[in-house]
Amino acid sequence: MRGTRRTRLCLAGVLTASALLSAPGAGAAEPTDGHLTDLVNPFIGTQDEGNTFPGAAVPFGMVQLSPDTGHSTGYDYAQHRIRGFSLVHLSGVGCRIGGDLPVLPTTGDVTRTDYAAYAAGFDHADEAASPGYYRVALDSGVRAELTATARTGVQRYTFPATDKANVLINAGQALHKPAGSQVEILDDHTVRTKITGHGFCRETAPYTVYTVTRFNRPFTAHGTWDGAAVTPGARTGADGAYVRFDTTRNRSVEATTALSYVDANGAEVNLRAEGGRSFDTVRRQARDAWERRLAGIRVQGGSTTLRRTFYSSLYRAFLAPNVGEDADGRYTGWDRRIHRSAGFTYYQNWSLWDTYRTQAQLLALLAPREARDMALSVLKVDEDGGWLPKWGYGPVETNIMTGDPVTPFLTTAYQAGLLRGHEERAYRALRRNADGVPPAANPGVGREANAEYLTGGFAPYVKGRPHTKVGDSDYDHGASVTLEYALSDAMLAQMARDLGHGADAARYATRAQNYRNVFDPSTGFFRARDASGAFTGDPDPARGIGFHEGTAWQYQWLVPQDLPGVISLIGGKEAANRRLDSFFAYDRLLADPAGTAREVWVHGNAYDYYRAAVYNPMNEPDLIAPYTYLSTGRPWQTTDVVHAALTLFTDGPSGMTGNDDLGTMSAWNVLSSIGLFPVQPGYGTWGLSTPVFDRVQLRLDRRYWPNGGFTVTAPGTSAADRYVQTARVDGSEYGRTYLTNGSLRTLRSLAFTVGPRPSEWGTSPQAAPPALR
């Protein structure tokens, strides 16, 4: 998901395909202490609109304490002034949000209250980050260090010797526009704030965050401000506060800030539960938490650069969704009331249009307990707020993006066995969502074009239709919305059949074929239809209308439930392969994989989603496209395209393929690198391609994956030797190009032999992932 912006992709430091996949020792030095966290570079994606953040967080933490340089989503590596270190960020989103409570150390008198005015300069040479830790030397002479627990951010500031060492607490400014704020100095150690805000691409309903900050030593003076007026000695203010320390002898000041989305008491509860520890203790515990997470996958082979980009992606995939409940289990529901979780942890922040394609499946594998609780949290959104979410930020619906992403998100959890005991509860919510629309009083839009889709078999393109709710409108993107609804219907049909709802299953399976209703035989592509049913817009598939962040060229492969049907519509496998080869610029790709990825696919502007007839690896609609070759009898071409796309992930600030979208693109990198990709998101079918590592060991939770893990091996894999010659599953020869969740539950080993030329492996008609019926 993206907001509106345009940028040029930095090409500095780009690696060739062979360098990335096989160069020994390329990039930073190999860590010597065996810590996987040493292979993570949190600065990847902080330049050229990857929109990641380099600050401190623990896996799925409520707090992401990170510097803000003035960029709309927080930190931009190209900027060199820090306005503050704020508590809340989202990794890789494209719209202004978060940045609540910027805090900045300064020296001297406090005369300015706008953080753009008092921002401090810094140099990247004096900056470093690793999972759970960030530090920077400011040009004011102050060194700032950050670390975090799940619900607190811990800061350590080392000042020069002065009797005017200040910490500015700016409640009234954030990345979005706050609707109101309050600040209170409670005693000589403690400051409390209340911040109400709204935003994220459009103006959402307001939400409120509460904080309490406790310092490890008493401050010698304090004051507050309202607007530009600073009042020394005041204890309350609307916009901000400063506290002062004498650091002529003891130059270090530590502070712990606890966050709550419930109330001020919730912030105190979180501070008591997770505060009270030294900075160094919290930093060590944060690193240990990340070490345990990253150890879910151990890889061998490849260059250091390749391992660094891999583990950095794995790290980002664990940053969201985020804990939404306080330490006592209370959370603010979507009905704006306080609830208490029972038997699960409540999570929030749902970039579902993005994450249902990759990250949901990765978490189901590597973090099934948390993935279970995330799915149960989505069901609580339905029960508390009256409807399933589309794109949720904190306790509010944003309605950003279109289609019906919540269905494949939840059916992914169901197919992975994460909803045991809750199957019918989940099915009831999904059935209501699939067969209706939210009432007018509900802030959600759900499947907004459902009335027309159910009666006519397609979502019409109706540009400018009155839209009474915040967010995107399905009517503005009728062609892609039809495809997304049909995909969701297919996944719900499988769940209904499993649960014994035969009539529903048949009905949804029939609706899953509605993708055919937006196929225009005269062009051979999907096209938008207007309210009368007529095809509309430019017939050129690169210039048509009605597709959300893409074109008909890119959306033509988004029918994972029935690729054989799509191939038939196009004219058969040979016709489909010719079209795929054109789409991926395949002839050029073979000669220059990395150059094709950056010069043809990205074509200089990473965020121009429209007017293109080629693959766009920078955005979600195309994530599944390289795996289409598995269904056309040419699995080796999937490997060619995937490995070329992997060169876009590099070990530097510009090393992300566009917005990360809460771990979506990072999860694509992780899964594609190990040769196992969810080709039918929402069902549990895993397409196979050549791994980029000699050996991958996955350690899985036996409560959900009884085998406890499996290994994927491909000895000698490289840019030159990248083609599967044979595959063996637990020692037996295996000719299919996919596995299922059922296979993964018993799998011990998936072993590939590789070579320099394509083979016959996976080319039989029975080898392809089957259509869902």
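## The disulfide

Cys95 and Cys201 are joined by a disulfide, with an S to S distance of 1.6 Å, in what is a predicted model. A search of the whole structure finds one disulfide, and this link is right-handed, with 85° about the S-S bond. The pair connects distant parts of the chain, 106 residues apart: Cys95 sits in the loop between β3 (84–86) and β4 (103–107), whereas Cys201 sits in the loop between β11 (190–198) and β12 (207–215).

The two cysteines can also be described by their accessibility. Cys95 has a relative accessibility of 7% and therefore counts as buried, while Cys201, with a relative accessible area of 27%, is partly exposed.

## The nonpolar core

The largest nonpolar core holds 218 residues, and those that touch the most other members are Phe85, Phe215, Trp601, Trp668 and Phe752. Helix α12 (residues 478–498) supplies the largest share of this core, with eleven residues. In soluble globular proteins, nonpolar side chains tend to be buried together.

## Helices α18 and α19

Two packed helices are described by the angle between their axes and the distance between the axes. The axes of helix α18 (residues 593–601) and helix α19 (residues 635–646) come within 8 Å and cross at roughly 75°; α18 and α19 are therefore roughly perpendicular to each other.

In this contact, α18 contributes Pro593, Ala597 and Trp601, which meet Val641, Ala644 and Ala645 of α19. By class, the contact of α18 with α19 comprises six nonpolar residues, with no polar and no charged ones.

## An enclosed helix

Helix α7 (residues 359–366) is largely enclosed by the rest of the structure, because eight of its eight residues are buried. The buried residues of α7 are Gln359, Ala360, Gln361, Leu362, Leu363, Ala364, Leu365 and Leu366.

## The surroundings of Lys573

Lys573 lies in helix α16 (residues 573–583) and is partly exposed, with a relative accessible area of 35%. Not counting residues up to four places away in sequence, Lys573 touches Ile567, Ser631, Thr632 and Pro765. Lys573 and Tyr629, which are 56 residues apart in sequence, lie 9.4 Å apart in space, C-alpha to C-alpha.

Notes
Residues numbered from 1 in each chain as written. Predicted model: local features only at pLDDT ≥ 70, side-chain atom pairs only at ≥ 80, totals over all residues. Heavy atoms only, no water. Axes fitted to C-alpha atoms, helices over the stretch in contact; angles between N-to-C directions. Helix = DSSP H or I, 4+ residues; strand = E, 2+ residues; numbered from the N terminus. Parallel < 35°, antiparallel > 145°, perpendicular 65-115°, else oblique. Contact = heavy atoms within 4.5 Å. Nonpolar A, V, L, I, M, F, W, Y, C, P; charged D, E, K, R; others polar. Core = buried A, V, L, I, M, F, W, Y, C linked by side-chain atoms within 4.5 Å. Buried < 20%, exposed > 50% of the residue type's maximum accessible area, 1.4 Å probe, protein only. Disulfide = S-S within 2.5 Å.
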